[in-house]
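Here are a few exercises to work through with the structure open beside you. Try each task yourself before you read the solution.

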Amino acid sequence: MSVLGRKAAAEFVGTAFLVMAVVGSGVMASRLSPDDAGLQLLQNSLATGAALVALIVALQPVSASFNPVVTLVERALGLIDTGTTAALVAAQVLGGLAGTVAANLMFGLDAVTVSTHVRTGPALWLGELIATVGLLVVIFGTVRSGRADRVAFAVGGYITAAYWFTSSTSFANPAVTIARTVTDTFAGIAPSSAPAFILAQLLGGAAGYVLVRFLYPPLATPAVATADRKVLS
């Protein structure tokens, strides 16, 4: 298999397992703690953060973005080419959908159940924008400061926290957002709500790119430049 094929496969598998963690833990939490929304969110956030750490550590040597916004920022920074960007984004979206189907089936649900969970309004959209900006600063800031080996823990910790400090519970990922439209469970989002969430994420991506370039204008050393390419693509 080609290098690009392996990268796309890693993004597919990683995003699938990430979404399985999000959706599956949401179903489990709602069944174990049906009358406690706060406990449900705690269970969901801890499972998602832990899964992110494990998946990034495992797949980082190949490709471990799992997020179209991160991949688009990589392209804007010149770390990958357009063809690679398209392949990885496609793999992330398809992987996310596969992860939702798998999670639904694991819990005895229909493979696809369109979500009726409406999430809309300026406060939630602002939450998504802020969550995405913060995620990009955490990822690229950690890498560009020469601590690429800590990306997994930084991202897992950030996402766990962002579940709680953002009004939207920090989707911060278009592929995950799309995937969550086809599960009518705790983690779902109605298809009508998804476009505004994705737009907020893309705007957050643009703002995050500007902020990363401002805070870390040059790559400090050739070693850090190499780490950028190896870790993020």
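**Exercise 1. Is L97 buried, exposed or partly exposed, and why?**

Keep in mind that this is a predicted model.
- Step 1: Take the relative accessibility of L97, which is 28%.
- Step 2: Check the cut-offs: buried means under 20%, and exposed means over 50%.
- Step 3: L97 therefore counts as partly exposed, since 28% falls in between.

**Exercise 2. Find where L97 sits and which residues it touches.**

- Step 1: Look along residues 82-106, and you'll find L97 in helix α4.
- Step 2: Skip the residues up to four places away in sequence; L97 then touches I178, A179 and V182.
- Step 3: Now try G157, which is 60 residues from L97 along the chain. The C-alpha atoms of L97 and G157 are 24 Å apart.

**Exercise 3. Work out whether the length of α6 agrees with 1.5 Å a residue.**

- Step 1: Count the residues of α6: there are 15.
- Step 2: Multiply 1.5 Å by one less than the number of residues.

**Exercise 4. Which residues of α6 are buried?**

- Step 1: Apply the cut-off for buried, under 20% relative accessible area.
- Step 2: Go along α6, and you get V151, A152, V155, G156, Y158, I159, T160, A162 and Y163.
- Step 3: Have a look at the spacing in that list. An α-helix has 3.6 residues a turn, so residues three or four places apart point the same way.

**Exercise 5. Explore the largest nonpolar core.**

- Step 1: Start with its size, 42 residues. I56, F66, F140 and V155 have the most contacts inside this core.
- Step 2: See who contributes: α1, α2, α3, α5, α6 and α7 each supply at least two residues. The largest share, eight residues, comes from α1.
- Step 3: Zoom in on I56. Leaving aside neighbours within four places in sequence, I56 is in contact with A64, F66, V151, A152 and V155.

**Exercise 6. Describe the largest cavity and its lining.**

- Step 1: Search the whole structure for cavities of 30 Å³ or more, and one turns up. The space in the largest cavity is about 290 Å³.
- Step 2: List the lining: 25 residues, with L18, L52, S65, L135 and V155 nearest the centre.
- Step 3: Sort the lining by class, and you get 18 nonpolar, six polar and one charged.
- Step 4: Ask which helix gives the largest share of the lining. That's α6, with four residues.

Methods
Residues numbered from 1 in each chain as written. Predicted model: local features only at pLDDT ≥ 70, side-chain atom pairs only at ≥ 80, totals over all residues. Heavy atoms only, no water. 1 Å grid on protein atoms, 1.4 Å probe; cavity = no way out; pocket = protein on both sides within 12 Å on 5 of 7 lines; lining within 4 Å. Points joined across faces, edges and corners; volume = space filled by probe spheres on them. Nonpolar A, V, L, I, M, F, W, Y, C, P; charged D, E, K, R; others polar. Buried < 20%, exposed > 50% of the residue type's maximum accessible area, 1.4 Å probe, protein only. Core = buried A, V, L, I, M, F, W, Y, C linked by side-chain atoms within 4.5 Å. Contact = heavy atoms within 4.5 Å.
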